[in-house]
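Let's take a walk through this protein and its ligand together.

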Amino acid sequence: MLRVQSLSSYYGNIQALRGISIHVGYGEIVTLLGANGAGKTTTIRMLIGLLRPTSGEISVGGIDVLKYPEKVRKIIGYMSQKFSLYEDLTVEENLNFFGGVYGLSNQDLQRRKKELLELTDMLGWEKYLTKELSTGMKQRLGLAVSIIHKPRIVFLDEPTSGTDPLSRRNFWRIIQNLAQEGICVFVTTHFLEEAEYCNKISMIDAGKIIATGSP
Ligand code: ATP
């Protein structure tokens with residue numbers, strides 16, 4: 001589903017990534033684990049076509065991301081560290097907005113909203129303003145909007161930072177349900193304990209993958 005080969009990148013003279021290679025198989029949950037500044041966000045932004053690497057190859061679902069970034073966008077979901085939610089819209093309005101952005105028909109949107117509210121344990125919260133939600137709930141809503149168009153792979157950038165252990169565990173349960181539905185998950189984290197929830201883990205340090213394997 002995802003094949004990354006020898007990815008390198010610079011910010012000015014500083015080398016942020018030093019030849020990163022990662023593979024994600026169909027149905028897999030893969031974690032990129034590393035400390036602050038290791039290069040996780042830079043990597044994820046390249047994988048989804050938001051940043052261009054200096055060198056390397058990236059393909060998602062067989063599509064070359066560097067050549068066809070627009071094509072890739074239809075089959076991926078992305079949740080950034082700061083979520084893209086609108087705080088002054090309600091939970092339902094955020095879902096409606098992002099469903100509209102992805103061009104879902106009204107019928108599909110109604111069905112998908114129900115599925116996502118169930119999946120993320122947010123039934124009953126539709127009319128609440130997003131700014132009234134706890135961080136853990138915002139994360140779950142952020143995940144819901146990032147997969148509203150049923151992507152084949154979703155990229156989550158440190159989705160669980162800033163929440164308590166119980167929220168983190170709940171969030172990982174949702175991620176595992178996604179994988180069971182056949183959506184691949186690529187997730188970054190700096191919590192070592194989260195490694196146990198994924199199929200494969202790559203450790204990144206100073207822009208280099210220093211180990212890859214099962215938890
Ligand atoms: P965090 O957990 O803090 O987000 P990270 O693992 O995601 O960290 P990156 O944000 O990818 O790390 O940063 C990798 C390296 O590149 C760091 O040394 C960082 O200081 C540097 N860097 C990131 N963005 C820029 C930028 N826009 N300009 C210059 N240097 C940058």
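Accessible areas here come from the Shrake-Rupley method with a 1.4 Å probe, and for residues only the protein chains shown count as cover. On that basis, the protein chain has an accessible surface of about 10500 Å², and carbon and sulfur atoms hold 50% of it.

A word on the model: it is predicted, so local features need pLDDT of at least 70, side-chain atom pairs count only at pLDDT 80 or more, and totals for chains, interfaces and linings use all residues. Residues are numbered from 1 along each chain as its sequence is written, and side-chain values use heavy atoms, with hydrogens and water left out.

**The whole chain**

The C-alpha trace spans about 45 × 35 × 35 Å along its principal axes. Of the 215 residues, 49% are buried, meaning under 20% relative accessible area (1.4 Å probe, protein chains only). The chain has 6 helices and 10 strands; these are DSSP runs numbered from the N terminus, with helices (H or I) of at least four residues and strands (E) of at least two. Contacts are heavy atoms within 4.5 Å, and among those with a separation of 6 or more, 68% join residues 24 or more positions apart.

**Around the ligand**

The residues around the ligand include Tyr11, Ala16, Thr41 and Glu158. By class, this shell has 4 nonpolar, 6 polar and 2 charged residues; Ala, Val, Leu, Ile, Met, Phe, Trp, Tyr, Cys and Pro count as nonpolar, Asp, Glu, Lys and Arg as charged, and the others, Gly among them, as polar.

On its own, the ligand has 630 Å² of accessible area, and the protein covers 59% of that.

**Helix α1**

Which helix gives the largest share of the shell around the ligand? That is α1 (residues 40–47), with 3 residues. Because 6 of its 8 residues are buried, α1 is largely enclosed by the rest of the structure. The buried residues of α1 are Lys40, Thr42, Thr43, Ile44, Met46 and Leu47. After α1 comes glycine 49, with a positive phi near 85°.

Notes. A residue is near a molecule or strand if one of its heavy atoms lies within 4 Å of it. Buried means under 20% relative accessible area, exposed over 50%, partly exposed in between (1.4 Å probe, protein chains only).
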